[in-house]
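Open the model in your viewer and keep the sequence panel beside it.

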Amino acid sequence: MTEIDIDALLDDPESRVIVCCGSGGVGKTTTAAALALRAAERGRQTVVLTIDPARRLAQALGLRELGNHPKQVRVDGFEPKGELWAMMLDMRRTFDDMVRVHAGPERAEQLLQNPFYQTISTSFSGTQEYMAMEKLGQLAATGDWDLIIVDTPPSRSALDFLDAPTRLSSALDGRMIRLLTGPAKAGGWGLRKVVNAGFSMFAKAVSTIIGGQLLTDASAFMQAFDSMFGGFRERARKTAELLRSSGTSFLVVAAPEPDALREASYFVERLSSESMPLAGLIANRTHPVLASLSGAEARAAADTLQSAPLAEAVLRLHADRVDLAAREERLLARFTRAHPEVALARVPALAGDVHDLEGLRDIGAKLAG
């Protein structure tokens, strides 16, 4: 089993983008922040893009809040060799900015005020994932940072952000949308047929708009959006190229649990099939054994110490820890047998949440082994 050389990855000047991905709740956001902090302290001009709306990351970085544009981390006693910047994705604002840049002042205003746009910009399937990739493209295009670390959106599937540009592009380029773009051409029958047969896919996204007004707003939106659709698809294509480039590395983050590792396994296979560069798997929140005493020996010793309840309790806790560590090792061994080419890094579980730079620094050190 190969260990991930985290410091070599962070130090490599050819390493420009690191994407932390995995299922929800496995520690992607904290991992991304810890990597960014370590990279900055080792001399990289680093920005971390987080998708997690929780305020604790901003607090851990010594910032009151994170916004949709990078903010430099300046904290007393924090003097990195490079620089550390951080931001949190605002999906709606990113979409608005994209419209303003690519649609022109007059048409942009039409789009931004359109009720249909106001709904899909926050509710359309794939919007958050697409906007995360849009923001990544924007950060890369500035050239202001030599390393961008991305925390991918929390999704039911860790793969959603890879598919988002294609899914959103296809949906907005579909037959139903083309008919909405020119309802007069479609004719009354054609439009009714589309509404009856296909409009249910929009039901949730446009639940706040009803009846004929929905069709009017949707039609106006698509007529305004049509002029910038080519640019929309072109940016999706460039983002896909960036994700496949030699300067990008993916780190799959997973807890040592069956469901998380099963999804990680699927993700590893998907990355391989998409020719995307995988740096390895980070097994987060593991429970290594801290003493050489076996579980059986600990329980046997505890049985003889009934007159010393504290010592007995410690021994039984150690025995349970040994069992847990053995279970995690079996799960990780199963993963590495299925994917022997995937390097691995382990990060032990912490006693509490990370709430400051020192906590992030500690995780970074553990990631680097």
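Which helix and strands each supply at least two residues of the lining of the largest pocket? Select helix 2 (28-41), strand 7 (278-286) and strand 8 (344-348): each of them does. Helices (H or I, at least four residues) and strands (E, at least two) are DSSP runs, numbered from the N terminus. A pocket is an open set of points on a 1 Å grid over the protein atoms alone, where a 1.4 Å probe fits, with protein on both sides within 12 Å along at least five of seven lines. Lining residues have an atom within 4 Å of a point.

Before going on, note the ground rules. This is a predicted model, in which local features need pLDDT of at least 70 and side-chain atom pairs count only at pLDDT 80 or more, while totals for chains, interfaces and linings use all residues. Residues are numbered from 1 along each chain as its sequence is written, and side-chain values use heavy atoms, with hydrogens and water left out.

**Stop 1: the pocket**

The largest pocket has a volume of about 290 Å³, counted as the space filled by probe spheres set on the grid points, which are joined across faces, edges and corners. Now select Thr-30, Arg-285, Gly-352, Asp-353 and Val-354: of the 14 lining residues, these are the closest to the pocket's centre.

Stay on Arg-285, which lies in strand 7. Its phi is positive, about 60 degrees, although it is not a glycine. Most residues other than glycine have a negative phi. Arg-285 counts as partly exposed because its relative accessible area is 38%. The cut-offs are under 20% for buried, over 50% for exposed, and partly exposed in between (1.4 Å probe, protein chains only).

**Stop 2: Arg-244 and its partners**

Go to Arg-244, in helix 12 (residues 229-244). Arg-244 is partly exposed, at 36% relative accessibility. Which residue's side chain makes a polar contact with the side chain of Arg-244? Select Glu-274: the pair is 2.4 Å apart. A polar contact is a pair of N or O atoms within 3.5 Å; within protein, one must be able to donate a hydrogen and the other to accept it, and residues adjacent in sequence count only if both atoms are side-chain atoms. Arg-244 and Glu-274 sit 30 residues apart along the chain, with 8.0 Å between their C-alpha atoms.

Along with Glu-274, they are in contact (heavy atoms within 4.5 Å) with Arg-244, leaving aside neighbours within four places in sequence.

Ser-275 has a positive phi of about 60 degrees, yet it is not a glycine. Ser-275 is exposed, at 55% relative accessible area.

**Stop 3: His-339**

Select His-339, in the loop between helix 15 (309-338) and strand 8. Is His-339 buried or exposed? His-339 is buried, at 5% relative accessibility. A polar contact of 2.6 Å joins its side chain to that of Ser-265.

**Stop 4: confidence**

Colour by pLDDT, the predictor's confidence in each residue, from 0 to 100. The chain's mean is 81. Over residues 183-192 the pLDDT is below 50. Where pLDDT is low, the predicted coordinates should not be read in detail.
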